Amino acid sequence: MADTIVALATPLGRSGIGVIRLSGTDALEITKKLAASAVFDPRRATLAQLTEPETQDVIDEAVVTFFRGPNSFTGENVIEISCHGSPVVLRRVIDFCLAAGARMADPGEFSLRALANGRMNLAEAEAIRDLIDAQSTGAARQAVRQLRGEFSHELQPIKDELLDVVVILESALEFVEDDLPETQTASIIGRLAKLADSVDRMASTFKAGRLLREGLKVALVGRPNVGKSSLFNSLLGTDRAIVTDIPGTTRDQLHERFTINDIPISLIDTAGLRETADTVESIGVERSRRAMADADLVLVMLDASERLTAEDRDILESVKELRHLVVLNKVDKLKGSPDSGIQEEIADIAGHPLRISAKTGTGLDELTHAIVEPFAPSDADTTGFLVSDARHHDLLLRARDEIRGSADLISQRTSEEIVLVGLHNALRYLGEITGETTTEDMLTRIFSTFCIGK
Ligand SMILES: Nc1nc2c(ncn2[C@@H]2O[C@H](COP(=O)(O)OP(=O)(O)OP(=O)(O)O)[C@@H](O)[C@H]2O)c(=O)[nH]1
Ligand SMILES: [Mg+2]
């Protein structure tokens, strides 16, 4: 067994309970020093008095659970100490464990050990990270599916089939003097084409998967006073941003998150765009321009109750190359014909803008629908398993290309040796998803994206 690691498994801060996790050879021994009178049976919660052995100072009363390896999360002896969630108490317990020979866990080290001891594969370990980081129910649901092995399960038949083809080609290489018969070549090409399509289908779910996981960055821009902050507040359902009738109210950028149909949206309210001599405001304007360039979608807001200004035209011009939606706000102020005024003026520059009122809520449902609509996957079935990790997506595409390339080589009657290189590459790429063929370097890189205590 490996050395013993310790970490706080719950967030730092005051809470009802705080859980400290130990894993490794001495996990049980170290805990026994802290709770001398307690007896720990595997998988039983034991109420224990944690006492500093030298001073006999009682630190806390805690519930301790012992998991004997290999039947534990990491496959090693694991102890979970549920203390009262006082940062002072938690610090003392961790300090004691460190003094008694444990060391602080690295980010993701518990999961890494679980992987090393065959308790889960890489895709499953990554799913734990994704589940913890999930920003919407949909993303969490996908992570749980991956955690339960759905991805590995879907990959397995593909790997098996690929291996089958490899075996045929390998044995042809060893035993057959002449080339493979035509019928067999045709059948192998057919099987490879089908495999490549299956891999491609999995990869194509990435668009929907990434959307659920990473969501969209949406920036609200427009000249001062058109009602950007009012819309920001309405969409979030809180009075987060300051709203006044003074142009130039918002100077700094505000970021908040909310979800539309399970898609996490990171919404950015920006300083109104205009030429200004005010130093603070001009920094804000500069930041607004950057936020625009950075966003997946820009909402350009115009005031429906006023004439189109030169500033409005400039802004519309500057978003031309960006994905954007034009929003006409303050439609509640329009009396008489709804198509009057500004709407006609902008018809040729901005097409059919969305008409809303941040004040009364008119048009907000249509707006939220329009925000996600261009990003929503058209074909992928979003009830199936979705690939959500860029690393997995990249490996799937590489595997697909290798398989397609190999099929092409076979049809050109290239020697089996060369064809096999591509197929072995494809197998390796698929293996890297679940971690069978992952190098130490890659593991270090992947696990550095985990937080400590996982
Ligand atoms: N009648 C009406 N008034 C609105 C509406 N939306 C915003 N307002 C008013 O317009 C004024 C400006 O609103 P803000 O939300 O602060 O505008 P802004 O675009 O964030 O302005 P800056 O931060 O200065 O760039 C406030 O007095 C709001 O109450 C709306 O839909 N209808
Ligand atoms: Mg504002």
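How do the residues of the shell around ligand 1 divide into nonpolar, polar and charged? I looked and found six nonpolar, twelve polar and six charged. I counted Ala, Val, Leu, Ile, Met, Phe, Trp, Tyr, Cys and Pro as nonpolar, Asp, Glu, Lys and Arg as charged, and the others, Gly among them, as polar.

The model is predicted: local features need pLDDT of at least 70, side-chain atom pairs count only at pLDDT 80 or more, and totals for chains, interfaces and linings use all residues. Residues are numbered from 1 along each chain as its sequence is written, while chains are lettered from A and ligands numbered from 1 in the order in which they are written.

**Ligand 1.** I find 24 residues around ligand 1 (C-beta atom, placed from the backbone, within 6 Å). The closest are Gly227, Ser229, Ser230, Thr250 and Gly272. Helix 9, residues 228–236, gives the most to this shell, with three residues.

**Helix 9.** I took helices (H or I, at least four residues) and strands (E, at least two) as DSSP runs, numbered from the N terminus. Lys228, Ser229, Leu231, Phe232, Asn233 and Leu235 are buried (20 or more other C-beta atoms within 10 Å of the residue's own, all placed from the backbone). Their cover includes strand 7 (216–222), strand 8 (254–260) and strand 11 (324–329). Glycine 237 follows helix 9 and has a positive phi, near 75°.

**Whole chain.** I see 16 helices and twelve strands. Of the 454 residues, 40% count as buried. The C-alpha atoms fill a box of roughly 85 × 80 × 35 Å, taken along the principal axes.

Definitions and conventions:
Buried ≥ 20, exposed ≤ 12 C-beta atoms within 10 Å, placed from the backbone. Contact = placed C-beta atoms within 7 Å.
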